[in-house]
Amino acid sequence: MYSPQYRFQPYPDSREMTVTGNGEIVARPDYVQIQIEVRTEGKDVSLAQQENALIMNRVIGSLLALNIPREAIQTTAYTISPNYDYIEGRQVFRGYEVQNAITVKITDISQAGTVIDTAIQNGANHVSAIQFKIENSDAYYKQALNLALVNAIAKAKSMAETMQIPLQLIPIEIVEESHNNIPVPYKVQMSNQDFITPIEQGTIPINASVRVKFRF
């Protein structure tokens, strides 16, 4: 469905038609980013930090052993926060939670499940998200942009034929609409089963939209 916009001027040579064209390219991701976290708790914040650091170092070491480059592992969050229980309407201090999160970039997507399982086996206790991404998404976007323009021209021609008006096919204005092609998220449930966590990469749609003005 589309809603053509018409603007008629007093003189025949200044009549204009504006249409919106959409284009989409479906691409396979070429890398995946996984956020892996270690969360520890304790009433002594220093001990909770020490435990967290020990576990995270073990997790990172296990990932390096999988031939994940060190530059592909990045700390993305480190927080210390107090935790409380509510007992009979009163707030009772339970201890501190230390959270250390790293993001791992994996170019061999088939390795994603092994990375998750290895991290968990070495002490990670939370996988917050997985995002599939495309390294050179701009090239795909340009293809989608071309399709959007072709789509706009086809719409204008169709309406002109229906109205039996002499459309000028060379646009007088082309405006690229804003686009928001976001990475595809994938949620992971923690598991202690003795098998590799299945991770399906699927495809990523790359969308573009243009607003095109014609004279007829």
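Which side chain meets Glu135 in a salt bridge? The partner is Lys105, with 3.3 Å from N to O.

## Basis of the model

This is a predicted model, in which local features need pLDDT of at least 70, side-chain atom pairs count only at pLDDT 80 or more, and totals for chains, interfaces and linings use all residues. Residues are numbered from 1 along each chain as its sequence is written, and side-chain values use heavy atoms, with hydrogens and water left out.

## Salt bridges in the whole structure

Side chains of opposite charge can pair when their charged atoms come close. A salt bridge is counted when a side-chain nitrogen of Lys or Arg is within 4 Å of a carboxyl oxygen of Asp or Glu. Searching the whole structure gives nine salt bridges.

## Glu37 and Arg39

Glu37 and Arg39 form a salt bridge through their side chains, at 2.9 Å from N to O. Glu37 is buried, at 2% relative accessibility, while Arg39 is partly exposed at 31%. (Buried means under 20% relative accessible area, exposed over 50%, and partly exposed in between, with a 1.4 Å probe and protein chains only.)

## Glu41 and Arg94

Another salt bridge joins Arg94 to Glu41, whose closest N and O atoms are 3.9 Å apart. Arg94 lies in strand E5 (residues 90–106) and Glu41 in strand E3 (residues 31–42), so the pair ties together parts 53 residues apart in sequence. Strands (E, at least two residues) and helices (H or I, at least four) are DSSP runs, numbered from the N terminus. Arg94 is partly exposed at 33%, and Glu41 is partly exposed at 45%.
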